[in-house]
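Thanks for coming. I will show one structure and then walk through a few of its details.

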Amino acid sequence: MGTWPIVARAAVLDALVEGLTRTPARSQLLRGPSGVGKTTLAAGVSAALAARGRTIVPVVALDELRDVPLGALAPLLASSSIGEHDDVATRLSELVALVGRHADAYLLVIDDAPLLDPASAAALYQLVRVFAVPTLLTARDEHPLTGAVARLLHEDLLTVTELPGLSLDETRTVLRRHLGADPRPESLQRLHGVTAGNPLFLRELTLAAQRGDRVRPGPYGIEIDAVRLPAQVLETVAGRLADLRPDERRVAELVAVAQPWPLAATRPAESAIVSDLIDAGVLVPAEPVDAGYLHLAHPVYAEALLAGLRADERAERRRSAAERLLALGDEPLRFTALCLLSDGGGELTTADLVWAAEYAHRAGDHERAVQAAERALAEAPDAHAALVRASALSALGGDPVGVDEAFAHAAALAPDAESRARVEVRWGQHTALREHDPARAAQRALALLPELGDASRLLAPDLAKWRLMAGDASALDTPLVAQAEADSAAALNAAIGMAMMATMAGRVDEARQAVEAGRPLADRFAAVQPFAGGLLDLSAFLVLVAEGRIAEAREHAEQRRLQPFADSAGVWSYALALVHLHAGRSRDALPLALLAIEQLRWRDFTGLVGPAIALAATVHAQLGDVEAARALLDALQPAHRDDVKVVLQAAEAEAWLAVVADEPERAAGILAPAVARGVELGHLLLAALTASVAVRLEATAEVRGPLAAAASASGSPLVTAVAALADAATERDASAIVALAPDLERAGLVATAHAVLERAAAWAGDDRMLERRARVRAAELGLTIVPVRTARSARVETGLTEREWVIAQAAARRERSREIADRLGVSVRTVDNHLASVYRKLGISGRAELENELRGRL
């Protein structure tokens with residue numbers, strides 16, 4: 001299994017090092033629960049200061065030595081460097097004097113400081129209080145601070161840092177390093193939730209799963225099945241719970257099976273018990289506090305509390321908790337209660353099971369949705385249960401044949417045309433988005449339309465989307481219209497479709513009205529369109545982009561990205577990567593673009609996985625990583641390349657690859673047809689973004705015509721600004737470009753603004769003030785932009801001549817000197833002389849290092 005990886009918490013480590021090394025030094029106390037990584041972090045701090053020449057004085061306090069005077073310091077007092085005195089008091093005085101005289105040369109590290117015996121604690125106090133010896137102490141939450149340590153704290157001689165568990169990203173990093181690949185999102189969510197990021201618990205649970213052969217590769221990452229906590233982990237927390245009274249334990253057990261626990265479900269006689277449990281640190285208020293919920297202080301407490309219960313006792317706790325939750329009449333609590341009843345052997349009606357399945361599917365708990373739907377279908381054939389089951393299986397990424405069979409079963413059970421249309425909406429979404437075959441989805445829907453009658457209006461918006469994804473421009477010939485029946489599932493789908501079409505075209509007023517019309521219907525008809533809210537949110541984001549309000553658009557995306565396990569997570573990673581790309585922040589864009597690909601492969605209700613792949617390829621190309629960019633473009637499926645969003649973004653990637661290869665003249669021939677195709681298919685907003693790249697790369701004339709048509713049809717401030725920029729750049733109108741620059745910056749097109757401002761400075765002629773304005777603003781914007789890594793810029797960085805660069809690249813490809821000489825028409829000696837110069841300039845010793853050196857430069 002290999003060694004367990006450690007993730008450096010750089011921010012915390014840097015803060016501790018800064019405090020310990022400043023003048024005067026500030027001693028640090030690092031607190032946190034058992035296993036959270038305090039000792040590991042202290043070791044990192046010690047290593048950092050040892051590298052600066054500090055002598056590390058380690059002290060480990062043990063509970064077994066608390067009654068032994070100077071027990072913690074015994075190893076240090078036995079050191080020969082203290083002297084030959086037999087008297088312990090004299091040796092202690094010499095230790096204090098030795099360290100105290102050269103305080104800035106030492107770092108005292110006290111592990112589990114509250115467990116120090118009084119004599120050792122007194123020596124610690126003297127070293128910190130009198131001699132200001134930099135000291136790093138660690139303490140577990142369960143150990144009260146008393147004696148000398150408490151005195152240091154009260155006298156404000158310590159800075160306390162509460163060390164939390166690993167963040168979600170840190171947990172993902174640990175698992176990726178240990179397992180060799182990212183965990184499946186559900187597995188990551190489960191492990192992070194159960195362990196609260198505690199590194200020790202995370203390690204034990206993961207290793208236990210591996211020992212039980214419960215770790216395996218899956219289509220969306222490494223799957224880690226849930227396992228019981230190892231006995232040693234349970235023993236670690238058992239001490240905190242051992243002293244609970246029977247009535248306290250029962251309340252804690254009810255919270256454990258149903259947390260977060262609403263205070264309203266607590267009986268009056270239990271109020272004092274709850275207060276005692278909060279005071280004891282067993283229960284804590286859930287955030288936000290005013291919501292009135294409680295949960296256990298650590299997720300592991302739940303397993304520890306329930307581990308000693310028999311199966312029938314656990315079932316009874318679940319049923320008891322469910323009864324209380326059902327009495328509150330809250331929808332989320334009803335779902336929790338039904339799950340508890342199901343797990344606890346309680347009786348559920350078919351209607352309850354179908355409702356729970358739909359709720360779970362909407363909440364993203366697709367496994368629970370499948371279970372509830374299958375249980376309902378086992379009791380009676382139910383069309384809605386069958387549809388929820390099929391939709392949840394699609395979300396889970398099950399076997400394509402099995403998912404199609406599940407949808408076919410739902411279609412066969414549909415009692416009327418309206419129900420059949422609902423099935424086809426979700427079936428088509430699965431075929432177009434999960435199976436990446438929008439043409440097949442459109443073909444099946446078109447064949448079904450004659451049978452649906454008026455119910456076909458429910459299907460029309462999605463059908464238009466699938467046809468456009470398949471490259472069928474005729475889908476724009478029949479505009480979508482609002483439904484006469486405003487309060488219906490068809491009205492919701494029409495609003496979503498109209499918002500999509502309008503944002504594509506940059507018609508912001510129309511798009512905003514459609515979003516507002518759809519909002520009140522999203523929750524009411526979630527059974528038909530479970531991702532309505534996410535689709536409307538995406539349209540609202542694109543409205544802000546089209547209006548040139550990129551700061552608000554970015555905030556909109558960042559707020560919705562706070563839920564990393566929501567089905568919409570990939571949408572917002574993609575959106576933010578796109579924002580960073582056009583701002584010229586390619587290094588910020590890359591991790592988001594790569595994350596978006598994985599998230600969208602896991603969940604995609606928008607058809608964005610293809611554009612995300614092309615977006616990541618674009619970023620790689622800008623950073624000069626040609627192989628990675630090409631590999632991503634090659635990974636696009638044929639159906640992806642029919643989608644105009646992919647056509648536009650892939651064209652950008654290919655154009656940047658041409659630039660990186662020092663062939664910028666090819667970029668125009670790549671970008672212009674893509675922009676024209678985008679305008680033809682009504683994707684005016686994205687076409688304008690791609691056209692802005694063409695303007696940046698001086699391919700303005702080729703996109704000026706399509707941009708003018710787009711601006712005329714759209715009215716979007718962003719599209720209009722890009723069209724005006726194309727006109728100004730074509731005419732070399734420096735004054736117009738300087739005037740347009742603020743609008744471009746507000747729209748997020750910072751990289752394009754920087755490029756055209758640099759050119760405008762050269763076009764200003766004799767107008768020195770205009771030239772200065774353009775040059776100064778370009779320089780300011782340039783500070784935020786990552787330069788594109790072209791072959792020429794990489795060569796210039798190395799300081800090599802063009803001939804040296806050509807020979808160095810050939811040698812890095814492992815061509816022999818004779819082969820290089822023959823190809824270039826020079827002697828072998830000339831090649832070797834050039835290589836010797838290359839080695840000298842790059843500071844390397846030969847061909848063995850050349851390949852790695854040049855790879856790092858590109």
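Which side chain meets that of Glu-680 in a salt bridge? The partner is Arg-677, at 3.0 Å from N to O. A salt bridge here is a side-chain nitrogen of Lys or Arg within 4 Å of a carboxyl oxygen of Asp or Glu.

Before going on, the ground rules. This is a predicted model, in which local features need pLDDT of at least 70 and side-chain atom pairs count only at pLDDT 80 or more, while totals for chains, interfaces and linings use all residues. Residues are numbered from 1 along each chain as its sequence is written, and side-chain values use heavy atoms, with hydrogens and water left out.

Back to the pair. Glu-680 and Arg-677 are three residues apart in helix α32 (residues 665-680), so about one helical turn separates them. Helices are DSSP runs of H or I, at least four residues long, numbered from the N terminus. Glu-680 is partly exposed at 47% relative accessibility, and Arg-677 is partly exposed at 27%. On the cut-offs: buried is under 20% relative accessible area, exposed is over 50%, and partly exposed is in between, with a 1.4 Å probe and protein chains only.

The structure holds 53 salt bridges. Another one joins Glu-374 and Arg-389, with the closest N and O atoms 3.0 Å apart. Glu-374 sits in helix α17 (residues 366-379) and Arg-389 in helix α18 (residues 383-396), so this pair ties together parts that are 15 residues apart in sequence.

Arg-184 and Glu-186 also form a salt bridge, at 2.6 Å between the closest N and O atoms. Both Arg-184 and Glu-186 are buried.

Next, helix α30, residues 626-635. Which of its residues are buried? They are Ala-628, Ala-629, Leu-632 and Leu-633. Seen down the helix axis, the buried residues fall within an arc of 135 degrees, so they line one face of α30. That arc is taken from the directions from the helix axis to the C-beta atoms. The face turned away from the buried side carries the exposed residues Glu-627 and Asp-634. Among the elements covering the buried residues of α30 are α28 (586-602), α29 (609-622) and α31 (644-660).

Last, Leu-781, in helix α38 (residues 768-782). Leu-781 counts as buried, at 5% relative accessibility. Leaving aside neighbours within four places in sequence, Leu-781 is in contact (heavy atoms within 4.5 Å) with Glu-745, Val-750, Ala-753, His-754 and Leu-757.

How values were computed: Helix = DSSP H or I, 4+ residues; strand = E, 2+ residues; numbered from the N terminus.
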